[in-house]
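Visitor: I have a fold open on my screen and want to learn to read it. Could you take me through a few features, one at a time?

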Amino acid sequence: MPTQARVIWDPSFTAYNFGPTHPMAPVRLDLTARLCEAFGLFSHTDVELVNPPQPDDALLATVHDPGYIDAVKAASKDPAGADGSHGIGTEDDPAFPGMHEASARIAEGTRQVCEDVWTGRSSHGVNFCGGLHHAMPGSASGFCIYNDIAIGIQWLLDHGAQRVAYVDIDVHHGDGVERIFWDDPRVLTISLHESGRALFPGTGWPGDTGGPNAPGSAVNVALPPGTGDSAWLRALHATALPIVRAFKPEVLVTQHGCDTHAQDPLAHMALSVDAQRTAADALHRLAHDVCEGRWVALGGGGYELVDVVPRTWTHLTGIATHRPIPLTAPVPDGWLEHVLMELGRQGPRRMGDLDPSQGPIWHQPWDMGYNPHSEVDRAIMATRQAVFEHFGLDLWFD
């Protein structure tokens, strides 16, 4: 019998560390794992923790240029010598000792859970250390060195998968994954993000729909700053879900960057942990609906290190292990004590943000009507107009 979920984790993954002042602090991974442990998610017999080995360069080269891999290795050995070439040694992507090894092991982790799900060893796979969606074939970008997502998807393609759907709900456009599979009709990339007019990397427009051999294979939903829970969930349900259903993938890969949260310091959206959990639940259900539950769920961005990242990715892990944690659940005292001792601050008291007496978040289904006065609805409609015809979907009702 397959395990319910295999989860990539070991404390050594905190070695992916750009330094003490960088927003992508590795403590976010440690706190996530500790919160998962506090809820007992790792202790079940049908959940396996996986500590992947260092992969060889051949795996990385399925996506990345050999010259770039050599540059990462050189900067990893001599960080002071990194001069910004290949995107390494910049403010976003400073070089650090062991950078190659730490980045490569994250990529191997995502490849491993892709293999586990594809071969039936596990129903679901989780790598909250991964989701590094900005890395390009020949350069680092946006805190991402190796593109673990693309490496995992490429492994699936190389081992027989004909249709892989990738849904990215990070606040930033999933540009690296889109670029790598831009002209491959076997891969559907969907990115729901804050508009590039307001946020890095400045790409991901509705009219960007794939290369000449893969029209409609890239889907971009560029949302306005300040988008909140209900509108964001409306956008997800009005674009990604019907398109994935029409595409009929064999595997669903999702990226759950939680920098869409209202408290995130690097972006301008207005989501709650509740909405992020709701989206993870919807994508999990989608995997069961369209591809027999073959689901790989990854982390990504998220820079509110205590209040947001650990709760959102613990919810994600709970959903993947089929042991979802209620939003009303209190955060375990032991975890809160650890946060206070290590970081000198109070952690959140509940697993959700919103007043539970108000009930679950409601979003208006698209078939209830399009509101042209809504900036969010106009963004949704722009995406639907750009790609729905490629999937035989009705612009107004699907």
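Visitor: Is Asp-30 buried or exposed?

Guide: This is a predicted model, so every value here is computed from it. Burial is read from relative accessible area: under 20% is buried, over 50% is exposed, and partly exposed is in between. Asp-30 has 19% relative accessibility, so Asp-30 counts as buried.

Visitor: Which residue does Asp-30 form a salt bridge with?

Guide: The partner is Arg-34, with the closest N and O atoms 2.8 Å apart. Both residues sit in helix α1, which covers residues 27-38. They are four residues apart, about one turn of the helix. Arg-34 counts as partly exposed because its relative accessibility is 35%.

Visitor: Where else can I see a pair with that spacing?

Guide: Look at helix α4. Arg-111 and Glu-115 form a salt bridge, and their closest N and O atoms are 2.7 Å apart. About one helical turn separates them, because they are four residues apart in helix α4. Arg-111 counts as buried at 10% relative accessibility. Glu-115, at 25%, counts as partly exposed.

Visitor: What does the salt bridge between Arg-245 and Asp-289 tie together?

Guide: For a pair like this, check which element holds each partner. The closest N and O atoms of Arg-245 and Asp-289 are 3.8 Å apart. Arg-245 lies in helix α8 (residues 240-247) and Asp-289 in helix α9 (residues 273-290), so the bridge ties together parts that are 44 residues apart in sequence. Arg-245 is partly exposed, at 39% relative accessibility. Asp-289 is exposed, with a relative accessible area of 55%.

Visitor: How many salt bridges does the structure hold?

Guide: There are 15. Some residues are linked in a network: Arg-6, Glu-48 and Asp-116 are joined this way by salt bridges.

Visitor: How should I read a charged residue without such a partner?

Guide: Take Glu-194, in strand β5 (residues 187-194). Glu-194 is buried yet has no salt bridge. Its nearest side chain of opposite charge belongs to Arg-197, 11 Å away.

Visitor: Which side chain makes a polar contact with the side chain of Glu-194?

Guide: That of His-268, at 2.6 Å. Leaving out residues up to four places away in sequence, Glu-194 touches Val-171, Leu-199, Leu-223, Pro-225, Ala-267, His-268 and Met-269.

Visitor: Now the nonpolar core. Which members touch the most other members?

Guide: Phe-128, Ile-153 and Val-253 do, in a largest core of 121 residues. Helix α4 (residues 99-119) gives the largest share of this core, eight residues.

Visitor: What does Phe-128 touch?

Guide: Set aside residues up to four places away in sequence. The contacts of Phe-128 then include Val-7, Ile-8, Trp-9, Leu-29, Phe-42 and Trp-313. Gly-299 and Thr-317 are also among them.

Visitor: Last, the whole chain. Why call its radius of gyration in agreement with a compact globule?

Guide: Compare the chain with the value for its length. A compact globule of 398 residues would have a radius of gyration near 21 Å, and the chain has 20 Å, so the two agree. Along the principal axes, the C-alpha atoms fill a box of roughly 55 × 50 × 45 Å.

Visitor: What else describes the chain as a whole?

Guide: Start with the elements: twelve helices and eight strands. Then burial: 59% of the 398 residues count as buried. Finally, contacts: among those between residues at least 6 apart in sequence, 76% join residues at least 24 apart.

Technical notes
Residues numbered from 1 in each chain as written. Predicted model: local features only at pLDDT ≥ 70, side-chain atom pairs only at ≥ 80, totals over all residues. Heavy atoms only, no water. Core = buried A, V, L, I, M, F, W, Y, C linked by side-chain atoms within 4.5 Å. Buried < 20%, exposed > 50% of the residue type's maximum accessible area, 1.4 Å probe, protein only. Helix = DSSP H or I, 4+ residues; strand = E, 2+ residues; numbered from the N terminus. Contact = heavy atoms within 4.5 Å. Lys, Arg positive; Asp, Glu negative; His and termini not counted. Salt bridge = Lys/Arg side-chain N within 4 Å of Asp/Glu carboxyl O. Polar contact = N/O pair within 3.5 Å; in protein donor to acceptor, adjacent residues only side chain to side chain. Rg over C-alpha atoms; globule rule 2.2 N^0.38 Å.
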